[in-house]
Amino acid sequence: MGIDIEVHGLKLAYDAEPVLEDTNFKVERGDLVALLGANGAGKSTLLRCISRIIKPNSGQILLDGDELEKFSSKESARMMAVVPQETTADFDFSVEDIVMMGRFPYLGRFQKETQKDRDIVRRSMEMTGVSHLAERSIANLSGGEKQRVIMARAVCQEPEIMLLDEPTANLDIGYQSMLLELASRLNREQKVTVVAAIHDINLAVHHFNRFVLLAGGRVMAAGRAEEVITPENIKKSYGVPASTYRHPLHGVLQVSVVKGNTGDTAAEGSPAVHVIGGGEEAMPTLELLNQEGCCLSVGPVSAQDSGCRFAHFHSLPVVVVPPFTSMNGVHKEEHLQLMRNSDLVVIPPIPFGEGNLPIFEEVETILKEGKPVYIIDLESVEERDYSGKARQFLEKLVRKGAVVLDRVDDLKALVRPDGGGKDGS
Amino acid sequence: MRTTLQAEEEKQKKTGRDLTRPLFAGGLVALLFVAVVSAMVFGAVSIGFWNVFIILVEALPFSFTFAGVEIATVYEDIILQIRLPRVLLAAAVGSSLAVAGATFQGLFRNPMADPYVIGISSGSALGAVFAMLSGYSLAVGGFGAVPLFAFGGGIATIIIVYNMARVGQTVPVMTLLLAGIAISSFLSALVSLLTYFADEKLHMVVFWMMGGLGGATWQQVQVMVPYALIGYILVSVFSRELNAMLLGEETASHLGVNTERVKKILLVGASLLVAAAVSTSGIIGFVGLVVPHFVRLVAGPDHRFLLPASALLGGSLLIATDTVARVIIAPSELPVGIITALIGAPMFVYLLKKRKKLRYFGGGG
């Protein structure tokens with residue numbers, strides 16, 4: 001029926017290098033906990049302490065109030081099952097043999113497996129969907145199949161606690177969610193307390209309902225996703241700037257690491273580029289230039305625009321026009337300034353309406369000042385022109401010296417320091 | 001309806017799979033029988049099967065005499081005093097080596113492991129060579145100095161290796177293996193050094209190290225068999241734990257195996273087997289390496305079957321090779337270690353080629 005786990009003041013050092021420092025946390029019975037944290041934060045070490053592989057230097061681990069040390073090996077194996085990241089299993093045991101090993105803690109030394117044991121093995125294999133593999137050798141299974149077999153063995157131990165140590169690290173996305181779904185099913189249906197160290201926060205939020213964030217061997221935050229997974233916590237524990245947001249499709253909290261190229265992180269030799277306008281149509285251009293390491297600026301865009309979100313997410317300079325208003329003098333000045341600050345200006349294949357025709361004047365101004373301007377895909381302009389005048393304006397720009405590129409990819413050749421080399425064809 | 005069908009199918013699959021082991025076990029028993037009979041019949045003097053049978057039956061304490069059958073007492077002496085103890089000793093040594101080999105391979109999860117892998121043989125050799133060269137005439141219970149020193153040397157070595165490999169409360173198997181290899185090379189160097197100064201005793205030293213069962217006595221059998229039995233029981237009682245250990249120490253511990261204790265017991269059991277074997281018959285190679293592999297290839301890695309089957313096959317193999325060693329250049333004989341390697345190696349290579357890979361250990365995938 002699930003057991004609660006309490007960890008008090010756990011300390012552990014490998015060769016004077018502290019891994020766990022005064023770790024305290026509590027897992028209530030029936031909790032479904034994801035243990036988060038950067039590499040080396042102590043997730044695995046903590047789990048290994050709980051599963052009795054490592055003995056901590058000091059501190060207490062209590063299972064339902066009883067010291068872990070009090071239980072015999074078999075007793076703790078009846079309470080607690082472990083699914084490791086990977087199991088080296090390259091010998092000829094059949095899947096059924098491997099799952100049957102989960103019954104070990106229940107068997108006396110000279111006791112044979114009974115029909116009851118075989119039934120539990122069968123049910124465990126059915127639950128994890130490996131019944132059809134029963135006779136196969138574990139050595140010949142794929143990583144995902146093997147991990148489900150190990151899961152079946154853990155289920156077969158009929159544990160009250162299941163510890164998973166980055167169980168999905170080597171699995172493809174299909175098996176990843178299948179495995180974690182199994183863990184949460186065990187939690188739901190059999191009230192097993194589940195604690196899993198997980199690398200992938202975005203995966204973890206889908207399957208778990210409590211989160212413990214470790215940093216430097218201490219618990220930094222614990223609680224619901226909103227409380228634990230914040231940009232500040234991520235920055236502190238993983239050391240990278242990140243944004244959190246609700247996923248537009250499933251509404252679950254997600255984290256993305258910010259990779260914007262501002263002055264200091266821009267790739268050496270890449271030019272600063274200003275991209276005109278936003279909208280979905282500008283995204284391929286923005287994405288490509290960002291990947292190429294260019295220092296970007298964006299605008300003018302409206303506030304709800306994906307280009308605007310992109311600019312904010314990457315902390316890029318952007319000219320934002322509030323919704324339902326048109327450009328005014330201030331925006332115009334800002335826009336000119338951004339263009340002047342960049343090495344070149346790109347007009348992606350965006351739609352044009354009456355509202356954004358004034359942009360062309362500004363581009364013309366900047367063109368006259370000698371700034372290179374590139375227009376992507378002039379051919380298709382009619383399909384996205386709602387003003388009827390865009391081609392006219394663009395062709396005027398071309399006459400004044402703007403260069404037309406056929407495809408977004410042609411930008412690569414422009415912005416690469418070496419001139420694009422091989423694929424600049 | 002569907003479920004009964006499925007159950008039926010499952011049952012059939014099960015019996016199909018489970019047949020391998022009984023058949024294989026039957027084959028091994030038959031092999032042992034053939035080996036024992038041939039060992040009795042063949043030799044410098046060939047004794048007919050019926051005569052052997054009669055001699056053996058008459059030797060049984062509660063038995064009767066066959067009326068009208070006269071067998072020369074020389075034959076009786078050859079069978080009862082020479083060949084029978086030798087066969088029993090070969091069986092004990094062969095099965096000890098095979099079981100110890102299987103244990104070490106499982107414990108170290110290493111297909112290269114053999115009974116001598118952590119230096120028991122080098123320790124025994126050092127003891128034996130020391131006894132030969134120093135010419136001690138000490139005798140305990142009718143045993144010369146050589147087996148006593150050999151046994152002591154082997155056991156001392158394993159104790160040193162175990163303590164060297166210990167890190168706090170635990171003994172990681174890899175450290176154990178490495179410490180064993182280091183100690184083993186060191187002791188081998190000492191053995192070579194002693195051998196270098198062996199002068200006229202060189203022949204004796206070299207012969208001992210090649211291994212052989214010549215001059216087997218009932219007394220040797222009486223001492224060897226209890227050790228072999230104790231070692232075998234210790235190891236086989238823990239064969240389920242050994243299965244779990246094959247998945248790695250951590251996994252075994254997650255499954256409720258007290259790994260440190262099990263390791264210690266398995267080491268004690270296997271060391272007893274090896275030390276007893278080496279001190280009675282010198283260093284006989286190959287049996288302990290090849291026999292467990294052979295059994296795994298046929299019947300899988302489950303130690304609950306692997307250990308008894310290895311014992312049967314190891315015993316038969318050593319009886320058979322020893323018979324060949326006695327017969328091939330009779331009345332003189334070859335060291336049996338040469339024969340085990342000569343026959344065992346090609347057989348093993350053939351198996352490897354046929355099965356393509358040793359799936360049950362790393363790199364087989």
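Reader: What is the strand order of the open sheet in chain A?

Author: The order is β2-β1-β4-β5 in chain A, four strands with antiparallel pairing. Strands here are DSSP runs of E, at least two residues, and helices are runs of H or I, at least four, numbered from the N terminus; two strands pair if DSSP finds at least two bridges between them. This is a predicted model, where local features need pLDDT of at least 70, side-chain atom pairs count only at pLDDT 80 or more, and totals for chains, interfaces and linings use all residues. Residues are numbered from 1 along each chain as its sequence is written, with chains lettered from A and ligands numbered from 1 in the order in which they are written.

Reader: Which strands stand at the edges?

Author: β2 (17-27) and β5 (66-67) of chain A; each has a single partner strand, so one side of each is left without a neighbour in the sheet.

Reader: And how many bridges between β4(A) and β5(A)?

Author: Two, between β5(A) and β4 (residues 58-63) of chain A, in the antiparallel sense. Leu63(A) stands opposite Asp66(A) there.

Reader: Switching to the interface: how many residues of chain B are in contact with chain A?

Author: 27, against 25 residues of chain A. Contact means C-beta atoms, placed from the backbone, within 7 Å. On the chain B side, α11(B) gives the largest share, four residues.

Reader: How confident is the predictor in the complex?

Author: The ipTM is 0.80 and the pTM is 0.80. Chain B has a mean pLDDT (per-residue confidence, from 0 to 100) of 84, with 88% of its residues at 70 or more.

Reader: Which element of chain B has the lowest mean pLDDT?

Author: α1(B), at 50, while α14 (residues 303-327) of chain B has the highest, 93.

Methods: Two residues are in contact if their C-beta atoms, placed from the backbone, lie within 7 Å. pLDDT is the predictor's confidence in each residue, from 0 to 100.
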